[in-house]
Amino acid sequence: PEKGINLPNSDLRIAALTPEDLKNIPFICKHADMVGFSFVSNPEDVEHLRAQLEKHATGRRPAIILKIERLGAIQNLPALLLNGMKDESLGVMIARGDLAVEIGFERLSEIQEEILWICEAAHVPVIWATQVLETMNKTGYATRSEITDAAMGSRAECVMLNKGPYIVKTIGMLEDILTRQMG
């Protein structure tokens with residue numbers, strides 16, 4: 001439960017929207033402002049989600065957040081952004097956990113930089129995600145590498161934290177780090 005599987009160096013032709021996703025779209029359209037689109041790989045995936053949202057939205061439909069977590073999404077990022085910008089709102093999440101497994105941990109810093117550059121050029125906001133200040137959030141104490149990683153999040157428009165017993169303390173530290181970075 002709540003675990004995924006990664007198959008690096010594979011070109012699987014699996015639909016980005018699962019039957020369960022399709023079942024949840026009416027609820028999403030009724031209650032959500034935005035929807036995170038996991039495992040998006042190409043513009044056709046975005047078209048399919050957009051069609052489903054339009055089919056079920058009664059008013060304004062939720063904005064799409066493209067979760068960049070597969071090699072295909074990186075390779076097709078300009079086309080994904082161009083397609084997504086047909087909508088009023090669009091965002092990108094750098095889902096660094098799955099992305100690192102897919103592309104290799106040693107390439108993560110290079111690729112997340114490229115994603116930030118491309119999204120900045122396209123004026124698309126970015127969410128810096130996956131395990132930001134994770135040790136702090138779980139234990140109350142941050143590691144040096146987590147502090148540096150959190151500081152790099154200042155280049156994005158949003159930094160996502162996971163839930164944890166020290167979330168209030170973690171939010172305070174993140175605010176301090178980001179405020180200093182933005183100076």
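1. A residue is called buried when its relative accessible area is under 20%, exposed when it is over 50%, and partly exposed in between (1.4 Å probe, protein chains only). By this criterion Met93 is buried, because its relative accessibility is 11%. The model is predicted, so local features are reported only at pLDDT of at least 70 and side-chain atom pairs only at pLDDT 80 or more, whereas totals for chains, interfaces and linings use all residues. Residues are numbered from 1 along each chain as its sequence is written, and side-chain values use heavy atoms, with hydrogens and water left out.

2. Met93 belongs to strand S3 (residues 90–95); helices (H or I, at least four residues) and strands (E, at least two) are DSSP runs, numbered from the N terminus. Contact denotes heavy atoms within 4.5 Å. Setting aside residues up to four places away in sequence, Met93 touches Ile65, Leu66, Lys67, Ile68, Ile127, Ala129 and Met160. Its C-alpha atom is separated by 12 Å from that of Arg70, 23 residues apart along the chain.

3. Which residues of the largest nonpolar core touch the most other members? They are Leu66, Ile68 and Ile115, in a core of 43 residues. Helix H6 (residues 108–122) gives the most to this core, with five residues. Such a core is a set of buried Ala, Val, Leu, Ile, Met, Phe, Trp, Tyr and Cys residues joined through side-chain atoms within 4.5 Å. Beyond four places in sequence, the residues touched by Ile68 include Leu77, Leu80, Val92, Met93 and Ile115.

4. Arg96 is found in helix H5 (residues 96–103). Is this residue buried or exposed? Arg96 counts as buried, because its relative accessibility is 6%. Its side chain is joined to that of Asp149 by a polar contact of 2.5 Å. A polar contact is a pair of N or O atoms within 3.5 Å; within protein, one must be able to donate a hydrogen and the other to accept it, and residues adjacent in sequence count only if both atoms are side-chain atoms. Among the other residues that Arg96 touches, not counting those up to four places away in sequence, are Leu108, Gln112, Trp128 and Val132.

5. Helix H2 (residues 43–56) has 14 residues and should span 20 Å at 1.5 Å a residue, which agrees with the 20 Å between its end C-alpha atoms. The expected span is 1.5 Å times one less than the number of residues. The buried residues of H2 are Pro43, Asp45, Val46, Leu49, Arg50, Gln52 and Leu53. Their cover includes helix H1 (19–31), strand S1 (34–37), strand S2 (63–68) and helix H4 (77–84). At the start of H2, a side-chain oxygen of Asn42 reaches to within 3.0 Å of the backbone nitrogen of Glu44.

6. Most residues other than glycine have a negative phi. His123, which is not a glycine, has a positive phi of about 60°; His123 lies in the loop between H6 and strand S4 (126–129) and is exposed, because its relative accessibility is 73%. Gln131 also has a positive phi, near 60°, and is found in the loop between S4 and helix H7 (134–139).

7. Ala150 lies in helix H8 (residues 144–152) and is buried, because its relative accessible area is 0%. Leaving aside neighbours within four places in sequence, Ala150 is in contact with Val132, Leu133, Leu174, Ile177 and Leu178.
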